[in-house]
Amino acid sequence: MTIYFDSTARKVRDLPMSEAERAARVELAACYRIFNHLGWTEMIFNHITLRVPGPEKFFLINPFGLHYSEITASSLVLIDVEGNPVRESKWPVNRAGFVIHSAIHGNVENAHCVMHTHTTTGMAVACLKEGLSPTNFYAAQLHGKVAYHDFEGITVNEDEKARMLKSIGGKPAIILRNHGLLAWGPSVPEAFMMLWTLQRACDVQIAASSAGALNPIRDEVFAQTVRESGPGEKRTCEDVFAALQRNLDAIDLSYRE
């Protein structure tokens, strides 16, 4: 089984780097470092992908072999919609990662950034028969917005894409049963806020359920909570991410290299 796409195994294109690509690289590298500070890491696994602005569908993805704490703007790998590297890189790309991401990038409108995690509480909720419980502040903000997809093993088969898309419907996040969390958006900040809210909902659910019975939220409250929630406000998403990036800059600027 091929587990990665290797940029040294095919002829790559010699493309100049645009200012838009450079900016996207810095923003995505910052996101990887922020994930690391939040503890959303799984050794060298999992992915955040971002489409580079321009006429062609090119995406940035982490090099398979680097920890999130090591990722820099220049080390990110530029790939096409099939996962093939566009420029030569000494690092391969994890095939299992991009099969999931390419399904979203290629078929969900405005899914320019896709994020996938294997956090402990995220996976714990993914393993629960009932999934995410609508019984806390964060889960209420996502009411009606989270889809589910059954586990089919390591995601390397192209034919799973159609089934995953059917599971997603028109929702902006999905819990991959027995696996982990997946969220997306038209930008890094918007995808981040969606995933952060889902992750917080999982954190609180696991903590609360271990202490006793969960208190239900009245059905009539959900519509207002969704309407006023942070993930639905572009400015809020941008402000949150900018604040986290300022904190990152105060600690370590090496991600910009």
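1. Let me start with the largest pocket of this predicted model, which has a volume of about 340 Å³. Lining it are 20 residues, and those closest to the pocket centre are Asn 94, Ala 96, His 118, Ile 154 and His 179.

2. What is the make-up of this pocket lining by class? It has 10 nonpolar and 10 polar residues, and no charged ones. Helix H2 (residues 95-107) supplies the largest share of the lining, 3 residues.

3. On to the interior. In soluble globular proteins, nonpolar side chains tend to be buried together. Here the largest nonpolar core has 46 residues, and the members that touch the most others are Phe 35, Ile 48, Met 115, Leu 132, Ile 175 and Leu 198. Helix H1 (residues 19-38) gives the largest share of this core, with 9 residues.

4. Phe 35 deserves a look of its own. Leaving aside residues up to four places away in sequence, Phe 35 touches Trp 40, Thr 41, Ile 48, Tyr 68, Met 115, Thr 117, Phe 192 and Leu 195. Phe 35 also belongs to a cluster linked by ring pairs, together with Tyr 32, Trp 40, Tyr 68, Phe 192 and Phe 241.

5. How many aromatic pairs does a search of the whole structure find? The search finds 10. One of them joins Tyr 32 and Tyr 68: the ring centres are 4.7 Å apart and the planes lie at 80°, so this pair is edge-to-face. The two residues come from distant parts of the chain, 36 residues apart, with Tyr 32 in helix H1 and Tyr 68 in the loop between strand E3 (58-61) and strand E4 (77-80). Tyr 32 and Tyr 68 are both buried.

6. A further pair to view is Phe 137 with Tyr 138. Their ring centres are 5.1 Å apart and the planes are at 85°, so this pair is edge-to-face as well. Are these two residues buried or exposed? Phe 137 has 57% relative accessibility and therefore counts as exposed, while Tyr 138, at 17%, counts as buried. The cut-offs behind this are over 50% for exposed and under 20% for buried.

Notes:
Residues are numbered from 1 along each chain as its sequence is written. This is a predicted model: local features need pLDDT of at least 70, side-chain atom pairs count only at pLDDT 80 or more; totals for chains, interfaces and linings use all residues. Side-chain values use heavy atoms; hydrogens and water are left out. A nonpolar core is a set of buried Ala, Val, Leu, Ile, Met, Phe, Trp, Tyr and Cys residues joined through side-chain atoms within 4.5 Å. Buried means under 20% relative accessible area, exposed over 50%, partly exposed in between (1.4 Å probe, protein chains only). Helices (H or I, at least four residues) and strands (E, at least two) are DSSP runs, numbered from the N terminus. Contact means heavy atoms within 4.5 Å. Rings of Phe, Tyr and Trp (its six-membered ring) pair if their centres lie within 6.5 Å; planes under 30 degrees apart count as stacked, over 60 as edge-to-face and the rest as tilted. On a 1 Å grid over the protein atoms alone, a cavity is a set of points where a 1.4 Å probe fits but cannot get out, and a pocket is an open set with protein on both sides within 12 Å along at least five of seven lines; lining residues have an atom within 4 Å of a point. Grid points are joined across faces, edges and corners, and a volume is the space filled by probe spheres set on the points. Ala, Val, Leu, Ile, Met, Phe, Trp, Tyr, Cys and Pro count as nonpolar, Asp, Glu, Lys and Arg as charged, and the others, Gly among them, as polar.
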